[in-house]
Structures are given as structure tokens and as C-alpha cells.
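Hello,

Here is the structure I promised to hand over. My notes follow below it.

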Amino acid sequence: MSFLDYLIPVFYALAMVGVFMTLCAYSVLAERKVCSLIQRRVGPNRAKIPIVGHIPIIGKILTRLGLFHPAADGLKFLFKEEITPQHVRIGYYYLAPLIALAPALTTMVVLPFGRYIDVSGMVQPIALANIDVGILFILAVSSLGVYGIVLAGWASNSKYPFLGAIRSTAQMISYELAMGLSILPVFLWAASPGSDYGLSLFGVVQSQQGLWLIIWQPISALIFLIAIFAETNRLPFDMAESETDLVGGFHTEYGAFKFGLFFVAEYAHIIMGSALFVLLFLGGWHFLPGVADPWPDGLIGILCSISWFMLKIFFMIFFFIWMRWSMPRFRYDQVMHLGWKILLPLAVANFVFYIFLIAFIDNLNY
Amino acid sequence: MGEVKEVSVGDIGSRAAEADPELKAETMALNVGPSHPSTHGVLRLMMQLDGDSIKECEPVIGYLHRGDEKIAENMTYNQFIPYTDRLDYLAPLSNNVAYALAVEKLANLEVPDRCQAIRVICCELARISSHLLGVGVYGMDAGSWTVFMYTFTEREKLYTLFEELTGARFTTSYTRIGGVARDIPDGWLGRVDSFCKGVVPILNQVDKMLTRNRIFMDRTVDIGVITKEKALSYGMTGPNLRASGVDLDLRKDKPYLGYENYDFEVPIGLNGDCYDRYLMRAEEIKQSVGIIRQVIGSFPEGLYYSEDAKKIFAPPKDKILTSMEELIQNFMLVTEGPQMPKGEVYFEAENPKGALGFYVVSKGGGVPYRLKIRGPSFCNLSILSELLPGHFLTDITVILGSLDFVMGECDR
């Protein structure tokens, strides 16, 4: 292997981080714009970039749309004074935002976001790493994200963040189980006997060439959707943040870029959750239920599949934002009640039901 | 073998704690406020938490104390009106009216019908304004920001109406002893009417977002229950009292300003929980809209001040500048203040937050000897130390939001 062969994956990885972070920044903008739409406001429309913002008509439209606001937000985080409260535990205090963000960025490695047809005519996924156990990797890594929050609450050495961290932990544990159980039927369904797809995300997407899994398994989809809402710490499940009583919760003591990292991590988790939901239940890059792959071969087909997948992700992000701005917040014991007493039994029942159903279908086929 | 000792296995935790004092769970002291987003002002709660549940709570008030009652003793009756704006600063108009009514009761003065009608509209608009904020902030405390934005937009429209009427959006200072500062502007009633038409659909939207919302109900039903007896013994008034099932509305029970001529319902709650208190406010806005429409429908002609009260109400400016008699009258009023008879009087009006009372002691002349204010928020808040223990920390936002208090009135 030449030096270049090592360099190319690094380049891809950097490009992907770049795209992913831009997506995060613009989902912040989407959040603000959609929220203002829901609340009948105008939303951000002021920030201007010197040259581009002054192009006659286009510049004005771009400014009105608030397209320069993510840049302004990002720069604000960078240039703010770095304040470290005296009472914090320094090491952990700095480590926490990194731990919050890193899992979200790591999981995207195994995310197939499009498909191409290789020289032998086989459909292959476009991903940084197409591994057999993609979903296991994602579940394992993304659940590490909560350590960032717990660590932040603990390291802040102050009462409100501490309470936020405790709530966050309690909530995570209640949801991981239901989440895991809700996607087991999906993989049972996707992996037909003798298939070598196993737990790969690509296999799941390929199995949805007919009807999408949200139609075959609506209950799994529902449980998974609620679970990713809880996983991303978004309203109605944002008790860890709960700004009305915990004043920002775990990130109360964080400012400037450290807070920016938490902020980005939240949106990174949303994008990851959306992508996962699209892959598992909404047919990934497939066009419509029943019409799997109308894209032509070659580069155009690749771009089509990627953009269609992105469109679905945007829809899911919109859904997240929509929910956030129309729901009140749960109390954390109610969330645990929902997680343990409703979702978990439901997920188990759902799982058992599909075990029997799939065993029955497989028996019919042989 | 010795005697077999019977040990209950029920409470292993406390037995372990007895055996090993190190294990005993400590409570955590948490200080909420005086500057905290959910306390709606400068209320401070000193709490003992066991995990996330509240064991003890001690409210600390007084951070907004300005000595309003003492200030009143050093100025004429009319000069105190701007200070009443700062009591319940979410409904300044109704404070103005309540104060003016109290002093007029002392002077045994009856204002003309037109003035009364203007004052009723003021009171009810102030009630709508206060309750819109109450419901909106309550929604926000429960996590639903959009409700807050909806109701706040309506309040901005109300402020524009106030501005047109009084010249100020927030601190209105509109009433005078014996009348109001100026007559209503042309076409103002029409704009009030169209506001009333516009606010009802917004209320229906808020209703859709909260009333049957499962999460909102989970957060509020059976939270912060105040029984009838408790509410009465703490001297609660207003929507908070009515939510507990006590039918007490001074507009019905001791009518003033001609409220007996208008047809409206007083909503009464069943359980006295946070959910009921939300429903009370939402319904009262609708009733207020109804009252305003009735007033506009039969708006009387006449003067906006009582003409025969020569020693109390300053005559209009054009007369002052053209006639000797009125010039002297105005000069005396400005230098000496409105002349009141000796005596003492207590008057309370049904304000948005509850019964706002003024106790005025006069030794004659233009300055009160003593003025005591009964702030409804103060009484409504006094129940906190009994109400909060047993609830979760997250519930304080909902409970405080549902009590809908204003610290300006509580601390005075």
C-alpha cells in the first residue's frame, strides 16, 4: 500500500466531518427558522457576510433566510471569553464536552448514506466503513454520549448541573433497553435465513426494496422513535437540560466554545438519530415504498440516492423540531414510568410476536 | 440458643441506616432564586431536597420591597396612582381603578356612568392581559414555549390599545380620583372590539395545545392540590381560590362599577390542582371578552369625570386656561391635593390575581395618614411552604406558574 492509500480514507473522514458539522450548524438554523414559523415570528434574518451579503438581490434573499447565522453563531462561540469557574474539577470539566460530541461523530463512520453499483454489477453501500455489525457499533458508541452529560454535571461541582446529570442517567438507562429491543425485530425481518447481512445497516436497507419497515413494523418504529427522542435529550424529554427549573441543567457552568460543543453534540445526535430511523424504517435511499431504486447507474444514480437519503433525514430533523416546539416537557419520573412500564413491555411483546411471525413465514418458505 | 427476636423485614433501608449512621441519606439544600427563570421575579425558595423530591421549602420574599405604603403617606392621593402601576405590573390598569375606587369610597363619591364603563373596560382588558401572560408563562414553565409566544403576541396588541388610551404601554397611571385622566380616543372602542374578536381564536389554539395534551395533563393534574379549607385558611383569592371550588368573585358578591349589570359566569374548579388553575384562567379570559362586548354594546354618553367633585378632580385643561374659577380649583388641587373627609375605609376589588384591597386612613386634607395594601399575591404565595413539600423539584415550575403571582405586589 502506498502512502496515498492511507491518505485517501483520512481525507474522506475529514470531508465527512466537515459535511456533518455543517449539517449540524444548519440544523440549528432550521431549528430557529421552523420554531419561528410555528410561533408566527420571522426568525433570524440579520447576519450578513461582507461581500456575499451585498450582492444585489441574492444577498438580500440569503440574509432574509438567515443563511449566514450559523457562521455568526459559530464565531460567537469561538470568540467568547473562556471562563472556567473556580469550583470545577478541571480535567473532567474540559473532557465532558469532548465526550459528548465524539460518539456522535464516531457513529457516522458506519453510516451508509447512499449506494453505488460496482464493476461486478453488485449494489454496494457508500460508507466510510461498511462493517457487518453496524448497528451494534452505533448502539454501543452512541450510548457513550450520556457520559459526557454525566461527567459535565459531576465536574461542574454545582447543584443544578448535578441534578441534571442524575436525571439524564436515569433517563438513558430507561430507554436504551426499549431501544435495543425495538430494533431486534427489524434485523430478524431483514436477515432472511442464510443471508450474510447479519446486523449490517446496508442489509436492512436492501431488505426494504418492497414495502418499508415502518409499514411492516409500526410498533417497533414508534418505540424506536420515542427512544431516539429520549436519547437525544430533546423536548419532551429534555429533563437534563430543563431550563425552567434547572437553568440549563448539565451545561449551566459551561460557556463559550465548551458550551458550543454540547450544543453541536445535541444536533449531531439528532442527525444521527434521524439517519438511523431513515435507514431502519424509512427505506434509506430507496425512492418510495414499492419503487426501490429507479435511479440510473453511474454518478447520477449515486448522487440521486444520496440526495434522497438526505431529504428523508431533513424531514426527520423537521419532525424533531416540530415536536420540540409543540410539546410540554415530561417530568423525569414520568419518563421512567413510560420507559420501564410501557415501552419495555411493549417492546418485549413486539419482539416475541415477530419471532413467531418470522419463524412461521420462514417455515412456509421451506 | 437465646431468644429468637422477631424482626420486621419490611424496612430494610431504615434498619441499615440505624445500624450504620454513615448510610443515612443526607438532604441537599438547594437555593432557588432570587434570580431564577422559573420564579417569575425575585422570589427565593430555600429548599431541602431528598434526591429530586422536596422535603422542606421556605419562601423568602422582600427582594422587591420599595415601601409603597410609606411612600403613600408622603404624597397626595393622585400622586400615588403611578405607584399602584408597580404593584401588579402585569395589570396596572386594574390597580389604578381599585385604588381610585378605594379613595372615592372614602370621599363618598360616585363617578358618572361613562367613567364607570371606561373603568370596567380597563379592568377587564387588564384581566385579559394578566391571564394571557399567566397561561402563556404557565405553558412555558411546563416546557411549551409556543403557547407563550402566542399569548404574548396578543398582549402586545393589548399594549398598543393601552398606549392609545393612556399614553403608556406598561405603566398606565390612567385613573384619577373622581374620574380618569382623559376620555377614550376616537374609534378606540372599535379597536377593542376587534381585539376581542381576535383573541378568541388564539385562546382556542392554546386550548388545543394544552388542555387535552397528555403530557401537560400528566404534569398538572393532581399536582399542587389546594383543598377548599386550605385555600380559605391561607386567605387565597382570585382564580387560585376559585380553582379550589370556592365561589368567591367580588364582581358578583360585592358588585362595584356596575358589574351587576353585566352578564357573566364565574368559573369554579373541582380539585384545586394546577390543571384547574390553568382552566380557570383560560375561561376567565373568555368571560372578560364577553363583559367587554356588553360594555361596548351599551356604552353610555356623558362625562368621563365627576363634575360636582370640585375639590377632588381637576377640570379639563381648556377650562383651566379660560376661566378663573377653574384656574383656582386646579391650583388648589395641585398644591393641596384632592380634599378628603376624615375617616377610614377599606375597599377591595377583584383583580386578575385576586382581591386587591386598599385600607385608607384619612385625617382630612390631601394626603393619606396611612395606606395599607392587601396584595393577593402575598396571600397566594404564603401557602408555598405547605404546598411544595412532597413534590418533585421539576414540579415547582408548574406550581409557581399555576399560582401566577407578581412579586411587585407581594413585596410592595
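The largest nonpolar core has 201 residues, and Phe224(A), Ala268(A), Ile271(A), Phe277(A) and Leu280(A) touch the most other members. Helix α13 of chain A, residues 256-281, gives the most to this core, with 17 residues. A nonpolar core here is a set of buried Ala, Val, Leu, Ile, Met, Phe, Trp, Tyr and Cys residues joined through C-beta atoms within 7 Å. Buried means 20 or more other C-beta atoms within 10 Å of the residue's own; exposed means 12 or fewer; partly exposed is in between; C-beta atoms are placed from the backbone. Helices (DSSP H or I, at least four residues) and strands (E, at least two) are runs numbered from the N terminus.

This is a predicted model: local features need pLDDT of at least 70, side-chain atom pairs count only at pLDDT 80 or more, and totals for chains, interfaces and linings use all residues. Residues are numbered from 1 along each chain as its sequence is written, while chains are lettered from A and ligands numbered from 1 in the order in which they are written.

Back to Phe224(A). Leaving out residues up to four places away in sequence, Phe224(A) touches Met179(A), Ser182(A), Ile183(A), Phe277(A) and Leu280(A). Contact means C-beta atoms, placed from the backbone, within 7 Å.

Next, chain A as a whole. Chain A holds 15 helices and two strands. Of its 366 residues, 43% count as buried. Among its contacts between residues at least 6 apart in sequence, 76% join residues at least 24 apart.

Now one exposed residue. Leu299(A) lies in helix α14, residues 298-324 of chain A. Leu299(A) is exposed because 9 other C-beta atoms lie within 10 Å. Leu299(A) sits 182 residues from Ile117(A) in sequence, but their C-alpha atoms are 9.7 Å apart in space.

Where do the chains meet? The contact takes 24 residues from chain A and 27 residues from chain B. On the side of chain A that touches chain B, α8 (159-190), α12 (243-246) and α15 (332-365) are the elements that give two or more residues. That side divides into eleven nonpolar, five polar and eight charged residues. Nonpolar covers Ala, Val, Leu, Ile, Met, Phe, Trp, Tyr, Cys and Pro; charged covers Asp, Glu, Lys and Arg; the others, Gly among them, are polar.

Last, chain B. Strands β2 (44-50) and β3 (53-60) of chain B pair in the antiparallel sense over seven bridges. Pairing requires at least two DSSP bridges. Gln48(B) has Glu56(B) as its bridge partner in β3(B).

Best wishes

Definitions and conventions
Two residues are in contact if their C-beta atoms, placed from the backbone, lie within 7 Å.
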